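Visitor: I would like a close look at a single part of this model. Please take me through it slowly.

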There are 2 protein chains.
Amino acid sequence: MVSTINQPAEVTPPPPRQRILIAARQLFYRHGIRAVGVESIADAAATNKMTLYRHFGSKDELIAAYLNELAKEGDEVWDALAREHPGDANAQLEGWLRYVEKILTDCGERGCAVANAAVELREIDHPARQIIDDYKTRKRDRLVGLFRQAGYEEPDQLADEVFLLFEGARISIQCCSNGPAVRVVRMLRSLLAEHAPKPR
Amino acid sequence: MVSTINQPAEVTPPPPRQRILIAARQLFYRHGIRAVGVESIADAAATNKMTLYRHFGSKDELIAAYLNELAKEGDEVWDALAREHPGDANAQLEGWLRYVEKILTDCGERGCAVANAAVELREIDHPARQIIDDYKTRKRDRLVGLFRQAGYEEPDQLADEVFLLFEGARISIQCCSNGPAVRVVRMLRSLLAEHAPKPR
DNA sequence: ACTGTATGTTACTGACCGGTAACGCGGTCT
DNA sequence: AGACCGCGTTACCGGTCAGTAACATACAGT
């Protein structure tokens, strides 16, 4: 009873390296980085440990690659918004708010994978730490840029506030059920409304 | 060269159970729960694994006890403030702000141990999860109560905002160096000033 | 002195984990 | 045809970890 309808029947699967990254991503996010062994990642990727180690020299390297991919896709969200609404900072901000809303209402939310990695990887010399730091800094700077571009006054301060509210929402959704996280989008909207540049 | 000055020379050490909790607390906080083995905790407590297992049936039970103690001490902060300034919600809020300031400027900050535990312990049936959830919910409710008592309008909304900002600061201090976390106290103060009840 | 209780000590088990060695297979390029 | 390369398979190593058994010690109350 092999279905030949609706799909090309013999889709060539993505190469092992990509399958491994996909599997690592799901498992790391769901169960935590330290809780997942390399073998289970290889299994989930329909390959084996040797192939995994040929592509990634160690588990730490795999973790770094995992975080690099998360960062790349996170940046891509902003880039896409900039492409969709070129020069329109307000529209980009509105798009970001809708993105935040979608992320936080998707059930099974386990917070920000990057922040969670920062909690799990405490060694100060871990290759992941730089990636994490850069990513979060970039994200905050994006907010500053958009607020400035949109004409908000004190864009730095506003960006800090928005950044921390969002980070707080994503961590607290893992701590308290029915917590304030579900209300953060409303809070963000009213915060922006309060600080909106006067149209004059 | 044994110092006999300045201390009673033969201070009876606290009982093993207490020493274990102290050691677990330091190690769990510094290195993460999953990164610390029970044996190293026993060593740090100047005792051994057997004694540890006589007091705590499993590592998970020890984790639960660890979190219970964190929660107890966290609550104690609020209770102490209520005792110092009975009936004066504004003074209690000011005291809490100073406490927040102290926590965030203490070097070597690794964020909120309770929130970090929530990130590390993803199993939904882990005994720690209920403790975490209750603690964070209690904390948010305390804020609501103080804001209401102090006469702020919309105390729920304000408490949500303050709560998320603080949680965001404590997680982001682990993610980005020189991030917005260091400025959160100023943000909180101006937020309270904005929403302060009109003195009329 | 006797007994119970809390603690220390050593040694062990079974499981798991990160990482590696060696070999085999099937393509592809020349 | 032959060489190479990416991938799969199996088996293994050394280490660590949670948890336990058995025995020794020290001190309490009686």
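Visitor: How do the residues of the surface near DNA strand D divide into nonpolar, polar and charged?

Guide: This is a predicted model, in which local features need pLDDT of at least 70, side-chain atom pairs count only at pLDDT 80 or more, and totals for chains, interfaces and linings use all residues. Residues are numbered from 1 along each chain as its sequence is written, and chains are lettered from A and ligands numbered from 1 in the order in which they are written.

The surface near DNA strand D has six nonpolar, five polar and five charged residues. Here Ala, Val, Leu, Ile, Met, Phe, Trp, Tyr, Cys and Pro count as nonpolar, Asp, Glu, Lys and Arg as charged, and the others, Gly among them, as polar.

Helices are DSSP runs (H or I, at least four residues), numbered from the N terminus. The most comes from helix 3 of chain A, which gives four residues.

DNA strand C can be set beside this. It is surrounded by 16 residues, with A:Gly37, A:Lys59, B:Thr47, B:Asn48 and B:Met50 the closest. For the surface near DNA strand C, the largest share, four residues, is that of helix 3 of chain B.

Notes: A residue is near a molecule or strand if its C-beta atom, placed from the backbone, lies within 6 Å of it. Helices (H or I, at least four residues) and strands (E, at least two) are DSSP runs, numbered from the N terminus.
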